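Trainee: Could we go through this fold together, one element at a time?
Mentor: Gladly; let us look at it first.

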Amino acid sequence: MKRTMTVKENYEFRRIYAKGRSGVSPYLVVYVRPNRRGRNRLGVTVSTKLGHAVVRNRVRRRLREIFRLNQVGLAQGYDMILVARTRAVGAEYRELERAFLNVCGKLGLREKKP
């Protein structure tokens, strides 16, 4: 993923947490805030409580890939933070993807198909 498509700075994370909207599923929490860039940016947070580095990186890679593959069907111009929950470690890829799409639907981020 390109650097221009990621949220990296701590102040950006704090702003999205404080002023953004959130949606919850058993596997992840999605925080969303509009940006003025015309494209989506992604930040991923995985706590050390989920496991050692290999486990955390696997969850992080899965969430980034889910975002990348489903970005076409999402409304553009938002900063998103995906926070992995404990259940995300043992979840299958399809379960995580379904949870992500459901939360995006609740937040009104999925574009309507004609």
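Trainee: In which sense do S2 and S4 pair, and over how many bridges?
Mentor: This is a predicted model, in which local features need pLDDT of at least 70, side-chain atom pairs count only at pLDDT 80 or more, and totals for chains, interfaces and linings use all residues. Residues are numbered from 1 along each chain as its sequence is written, and side-chain values use heavy atoms, with hydrogens and water left out. Strands are DSSP runs of E, at least two residues long, and helices are runs of H or I of at least four, numbered from the N terminus; two strands pair if DSSP finds at least two bridges between them. S2 and S4 pair in the antiparallel sense, over 7 bridges.

Trainee: Which are the edge strands of the sheet?
Mentor: The 4 strands form an open sheet with mixed pairing, in the order S1-S2-S4-S3. Pairing on one side only marks the edge strands, which are S1 and S3 (41–45).

Trainee: What covers the buried residues of H3?
Mentor: Buried means under 20% relative accessible area, exposed over 50% and partly exposed in between, with a 1.4 Å probe and protein chains only; the buried residues of H3 include Leu96, Phe100 and Val103. Counting contact as heavy atoms within 4.5 Å, the cover includes S1 (21–24), S2 (28–34), H2 (53–70) and S4 (78–84).

Trainee: Which residue just after H3 takes a positive phi?
Mentor: H3 itself covers residues 93–106. Just after H3, a positive phi of about 75 degrees is taken by Gly108.

Terms used: Expected span 1.5 Å × (residues − 1).
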